[in-house]
Amino acid sequence: MSYFLFKRALTLIATLLATSVIVFAVLEVLPGNAAQVLMGPDADPAAVAAKAQELGLDRPALARYADWMRGLLHGDMGLSYAYGTPVAELIAERLTLTVPLAVFAMLLTTVMALLAGVYAAANHNRAGDVGLMTLAQIGIAIPNFWFAMLLILLFSVKLQWFAAGGFDGWYFDEGVWAGLWAGLKALMLPALALAVVQAAILARFTRSAVLEVLREDFVRTARAKGLSQRATLWRHVLRNAMIPVITVMGLQFAELLAGTIVVENVFYLPGLGRLIFQSIANRDVIVVRNCVLLLAAMVVIVNFVVDVLYAVIDPRVKASQI
């Protein structure tokens, strides 16, 4: 296991280094720069050049990349060109929304997908199976931003159960539960918009994995000993079917962390995705590259956790096999 952790740590470092080079190079070739955006399109070229010098944009690209890496090693992400505040503070503030939103969406995805997948597998080729898989196929085809607008029209405009957008933060002045409920209520529609598509995908994977395990000999043995179908499904079948399911769940959670930008803009949520969107518009490349590198790190870490969970769920899987 120690050798496995060492290999994964090297993979993490190599992935992040490669990502940093690619992100830096891509942002370098984008047209325009922060100095021009900050000074305005009609600004005097001399003033723009002075601003670029102030921001350090006139220095060679290799020197700026080295400064970025050196700062990250010391925990310094630099100052935002547009906001004038430390990038680390901006990202930390936005993560208080993006991470809970991704976790909430993943919880909804897991509950819906496991219930639907197990039920469909238990009723293979029956009406319930066909109906759920048809709904899953429709869910896969639905763009989450379009579904988000439908949710706003139904639950915000027509029924007025939820706000159409915005997020006031996690305030606990009236008590922990009141503050938690207020925050979760604000994130309910965005989380549901993200979860529906992911749940449709995961439900199909769960159904396939459960059907494969249902054909194993130990399932017939358990049923022959008098164990009910429900107990067999949830105690034995689902656990043995979870390895491919967890692989998909890990990829989906990483996608939720990195892919909230569209939904955050639909609901006008001040999360990490919206920060990236605004920073791209402002050519605030120092914020963009730190955010993208952070998202890449999250994806790699999530995949690492999934690999470790293999051995936890199925003791037959050894570290050398992962």
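Biologist: Please look closely at helix 9 and helix 10: at roughly what angle do their axes cross, which residues make the contact, and what else can be said about the chain around them?

Modeller: Before the details, please keep in mind that this is a predicted model. The chain holds 13 helices and 0 strands, and, read from the N terminus on, its elements run α-α-α-α-α-α-α-α-α-α-α-α-α. Of the 322 residues in the chain, 40% are buried. Among the contacts in the chain with a separation of 6 or more, 74% are accounted for by residues 24 or more positions apart.

Now to the pair you asked about. Helix 9 covers residues 217-224 and helix 10 covers residues 229-258, and their axes come within 10 Å and cross at roughly 155°. Angles over 145 degrees count as roughly antiparallel, and helix 9 and helix 10 are therefore roughly antiparallel to each other. The crossing in which helix 9 passes helix 10 is right-handed. On the side of helix 9 the contact is made by Phe218, Val219, Ala222 and Arg223, while helix 10 brings Gln229, Thr232, His236, Val237 and Asn240. Sorted by class, this contact of helix 9 with helix 10 has 4 nonpolar, 4 polar and 1 charged residues.

Helix 10 also holds glutamine 252. This glutamine 252 counts as buried, because its relative accessibility is 3% and buried means under 20%. Not counting residues up to four places away in sequence, glutamine 252 touches Met106, Thr109, Gln198, Ile201 and Leu202.

A second pair of helices can be set beside the first. Helix 5, which covers residues 87-122, packs with helix 6, residues 127-141, at an angle of about 140°, and their axes are 7 Å apart. Helix 5 and helix 6 are therefore oblique to each other. Here the crossing, in which helix 5 passes helix 6, is left-handed. Ala116, Tyr119 and Ala120 of helix 5 make this contact with Gly128, Asp129, Leu132 and Met133 of helix 6. By class, the contact of helix 5 with helix 6 has 5 nonpolar, 1 polar and 1 charged residues.

Asparagine 290 is found in helix 13, which covers residues 285-313, and asparagine 290 counts as buried because its relative accessibility is 2%. Leaving out residues up to four places away in sequence, asparagine 290 touches Trp68, Leu72, Met77, Val87 and Ile91.

Glycine 166, by contrast, is found in a loop, the one between helix 7 (144-158) and helix 8 (176-214). With a relative accessible area of 26%, glycine 166 is partly exposed. Glycine 166 and tyrosine 268 are 102 residues apart in sequence, yet from C-alpha to C-alpha they are 5.3 Å apart in space. Leaving aside its neighbours within four places in sequence, glycine 166 is in contact with Ala186, Phe267, Tyr268 and Leu269.

Finally, a word on the aromatic rings. The structure holds 5 aromatic pairs. In one of them, the rings of phenylalanine 155 and tryptophan 161 have their centres 5.8 Å apart and their planes at 40°, so the pair is tilted. Phenylalanine 155 also forms an aromatic pair with phenylalanine 162, and this one is edge-to-face, with 6.2 Å from centre to centre and 80° between the planes. As for accessibility, phenylalanine 155 is buried, with a relative accessible area of 18%, and phenylalanine 162 counts as buried at 19% relative accessibility, whereas tryptophan 161 is exposed, with a relative accessible area of 53%.

Technical notes: Residues are numbered from 1 along each chain as its sequence is written. This is a predicted model: local features need pLDDT of at least 70, side-chain atom pairs count only at pLDDT 80 or more; totals for chains, interfaces and linings use all residues. Side-chain values use heavy atoms; hydrogens and water are left out. Axes are lines fitted to C-alpha atoms, for helices over the stretch in contact, and angles run from 0 to 180 degrees between N-to-C directions. Helices (H or I, at least four residues) and strands (E, at least two) are DSSP runs, numbered from the N terminus. Angles under 35 degrees count as roughly parallel, over 145 as roughly antiparallel, 65 to 115 as roughly perpendicular and the rest as oblique. A crossing is left-handed if the near helix is turned anticlockwise from the far one by less than a right angle, and right-handed if clockwise. Contact means heavy atoms within 4.5 Å. Ala, Val, Leu, Ile, Met, Phe, Trp, Tyr, Cys and Pro count as nonpolar, Asp, Glu, Lys and Arg as charged, and the others, Gly among them, as polar. Rings of Phe, Tyr and Trp (its six-membered ring) pair if their centres lie within 6.5 Å; planes under 30 degrees apart count as stacked, over 60 as edge-to-face and the rest as tilted. Buried means under 20% relative accessible area, exposed over 50%, partly exposed in between (1.4 Å probe, protein chains only).
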